[in-house]
Amino acid sequence: MDTVYPLTLSALLFGIGVYGILARKNAVMILASVELMLNACNINFVAFGAAWNEISGQVFALFVIAVAAAEVGIGLAIVLLIYRNHVNVNVDEIDSMKW
Amino acid sequence: MTAVHVGFFALAFVILASAVRMVTTTNVVHAALYLMLVLSGVAGVFILLGAEFLGWTQVLVYIGAIVVIFMFGVMLTKAEYGVSDDIDNEPAKRWGALVVGFLIAALFIAVFVEALGVGDSSTGIVAQEREGTSARSVDVSEIDLALTDENVVKNINVLASDSAPWKDEDAALMDLLHEEGLDFPRETLLPGPYEIFPVLETPEGLEFAVPNWDLEGDRPAQEKSFEMKPTGTPVPRSLGTETVSVPVCDYLSGRNITRRDNGEVVMGEPLFCPTKADEVANDLFNRWVLPFEAVSLVLLAALIGGIVLARRDDPEHVRPRVEEVAV
């Protein structure tokens, strides 16, 4: 398969993820949009790995999956703490660290 | 339009439609379910791209674990079931976000199309075995191996792309042949359906011969019987005289098989047929073992951090001890 097709798919997915991060204010939804962007990166890794007959693309995608799992665990723990202290998780109302 | 293309475009449609719904729906639970659909589609794309191990890892880790964590996050933050009007920014900000997202996607697509071109088959040298045998792609290092191996592949047919006459792999192949002491004039690597480097057997050793190309057209003058012009630099090695095809993995029997010219199929040694998981593991624990350890440390830190963050320290919420309840 032509390498450009999966790369185009990943670019569109990344753009949708960026839109999600900027358009949402619920912190859980923002984390979900980050997952979209990470998946777009993974598609890139695998597509280039397939094009160059190089297995390392898949290894790096595995790393990304592992780091994404850690990120989502920590991120949701933080969101939970914010919910306990602020009762909602809207990122535009969390400004206690604003100077 | 092959079956792979049909499957890919179907998956791409599902992925993009679900992603758009995920970032636009006002129902938080639906958004998590759309995320699951996106992740499943991406797993399918991985499998289509030949990364089966990664595809199923995606199913296990993302769909099995991360979506469940998201569901927990949605429920523990008491998102309203049904439509909620408090999860989106105001429309003006959303239009700005749409512009930014569109620009980023357009930039990436422009870069990829500019760099790779549409319809350009694939990168990397594709060496094909003799007609009637199964083809597999071979990169430069493997050709190097074949040249230095005792069971040398007698003829190396290098497929050149029809569209791009001078590609990097041509230069890479020229460099490789230069290291072998074989210098070809650049004109011998003409764009065409194939380039052939026949091997002549001389008493001193083997010589690579330059085919007599028709320099005006794109095709060799005589497709089948080109004039053998020895380069005069024999390779001083004892090279096999029999044409040996590159072994191909036969996943059904778990062995590598070699198809000879006369149609004879030779079964190779068993267990020399690495699956995708074998290849990933081999690369992971050889080339990338230090990053692997670093990622394991990151996961450990995330585990401890998650426990510390989720602990409830305020005394009002301390649950009564079991013995106090019992009294």
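Helix α4 of chain B covers residues 91-116, and at 1.5 Å a residue its 26 residues should span 38 Å; the end C-alpha atoms sit 37 Å apart, which agrees. (The expected span is 1.5 Å times one less than the number of residues, and helices are DSSP runs of H or I, at least four residues, numbered from the N terminus.) This is a predicted model, where local features need pLDDT of at least 70 and side-chain atom pairs count only at pLDDT 80 or more, while totals for chains, interfaces and linings use all residues. Residues are numbered from 1 along each chain as its sequence is written, and chains are lettered from A and ligands numbered from 1 in the order in which they are written.

Buried residues of α4(B) are B:A97, B:G101, B:A105 and B:F112, buried meaning 20 or more other C-beta atoms within 10 Å of a residue's own, with C-beta atoms placed from the backbone. Part of their cover comes from α1 of chain A.

As for the two chains, 62 residues of chain A touch 75 of chain B, contact meaning C-beta atoms, placed from the backbone, within 7 Å. On the chain A side, α3(A) gives the largest share, 21 residues.

Note on methods:
Helices (H or I, at least four residues) and strands (E, at least two) are DSSP runs, numbered from the N terminus. A residue is buried if 20 or more other C-beta atoms lie within 10 Å of its own, exposed if 12 or fewer, and partly exposed in between; C-beta atoms are placed from the backbone.
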